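Trainee: I'd like to learn how to read a structure like this one. Can we go through it feature by feature?

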Amino acid sequence: MKTLVCEEPLRFVYKESVIPTLAEGEVLIQIKRIGICGTDYHAYQGNQPFFQYPRVLGHELSGVIDGFKLSENVGGLKLGDKVCILPYLSCGSCVACRKGKPNCCTSIQVLGVHTDGGMCEYIKVPEQYVFVDNALSFDQLALVEPLAIGAHGVNNAGIKADEYVAIIGSGPIGLAAINFAQIKGAKIIVVDINQERLNLCKTKFQVEFTINSLEESTVDAIRHITDGDMCDTVIDATGNLNAINSSFHYLAHTGKYILIGLQKGEISFSHPEFHKREATLMSSRNALHSDFDFVLESLKNGSVQAENYITHNVHFDNVADQFDGLAKNPQEVIKAMITF
Ligand SMILES: [Zn+2]
Ligand SMILES: [Zn+2]
């Protein structure tokens, strides 16, 4: 089968490899779509921390079941079933796994990051990471993973109806957070420096309040919108250190600050300002099985629309040629989808 290998930063090579053979408890999936993620762009550009090469990228995967050797007590899968994959392989025994949070397993292996991913024709995965949904399209199924990251962040925040939620950054994860916070009934304020994205938030996502932080004081604008209260929840989806440090100022007293975005530096903030608010700071990593189930349901009932996210398609054979152009065009690319 054809496999696309990121040999080193800025170099993709197509290689011929063997279709994996299955052990008990494994499912073989023929890949149909691969969403390209910020992580993939960073890995390609060589600025993803702790990344090892060569690596097969790709963790936003959908496809069809092409074979399986299920464990005795597992059933319900059929050849040809349409699936998406939960790409966070966990150990099942560490402190996080024991607490039902395999999303932050101490020895997590994320497909396409810590171990080879799905930029190939077939992948095998343990049966418990396969989600079947024949009612959805391959595009929708490949969006489940990034959407679930947003859904997990929103769930971690414990957002309630009518609360003010500021979402910082309106890339795919920020948009997902907007979608799921809206489902909770929150009043959304989106902050970005990309006016095109902010316009999209208004037109396609019905966001009432947007702030271009290059053009106005975000603190003043939020104070005005919230009638002086500031935000019950702030969600960072930028992974940008300056944005993260600035966003502490957007918190209401009793507010919660959830970091979905990740960067390499040290965060700093005023202890007295944080203390007097009795604020909560929390990170949100990956997603749970329950988040995947909720996202599948949201796609089926139409509360999340795949076409609001997917802006570009590229055939698998052309990824090596076109990846650089996609990586350099964040103005226009929201989610690019690899097709077969
Ligand atoms: Zn991703
Ligand atoms: Zn674990």
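Mentor: Donors are N, O and S atoms within 2.8 Å of the metal (3.2 Å for Na, K and Ca), and water is not among the atoms, so sites may look incomplete. Some ground rules too: this is a predicted model, where local features need pLDDT of at least 70, side-chain atom pairs count only at pLDDT 80 or more, and totals for chains, interfaces and linings use all residues. Residues are numbered from 1 along each chain as its sequence is written, chains are lettered from A and ligands numbered from 1 in the order in which they are written, and side-chain values use heavy atoms, leaving out hydrogens and water.

Trainee: Which protein donors does the zinc ion (ligand 1) have?

Mentor: They are C37 (SG), H59 (NE2) and E60 (OE), at 2.1 to 2.5 Å from the zinc ion. Along the chain their spacing reads C-x21-H-E. C37 sits in the loop between β3 (26-36) and α1 (38-45), and H59 in the loop between α1 and β4 (60-69), so the pair ties together parts 22 residues apart in sequence. Those helices (H or I, at least four residues) and strands (E, at least two) are DSSP runs, numbered from the N terminus.

Trainee: Are C37 and H59 buried or exposed?

Mentor: Buried means under 20% relative accessible area, exposed over 50%, and partly exposed in between (1.4 Å probe, protein chains only). Both C37 and H59 are buried.

Trainee: What does P9 touch?

Mentor: A contact means heavy atoms within 4.5 Å. Leaving aside residues up to four places away in sequence, P9 touches A43, Y44, Q45, G46 and Y53. P9 and Y44 are 35 residues apart in sequence, yet their C-alpha atoms are 5.0 Å apart. P9 itself lies in the loop between β1 (2-8) and β2 (11-16), and at 35% relative accessibility it counts as partly exposed.

Trainee: Where is the cis peptide bond?

Mentor: Look from Y53 to P54, where omega is near -5°. P54 is in the loop between α1 and β4.

Trainee: Which residue other than glycine has a positive phi near 70°?

Mentor: D162 is one. It's in the loop between α3 (138-157) and β10 (164-168), and is exposed, with a relative accessible area of 57%. M230, not a glycine either, has a positive phi of about 70°. M230 is in the loop between α6 (218-225) and β13 (231-236), and at 7% relative accessibility it counts as buried.
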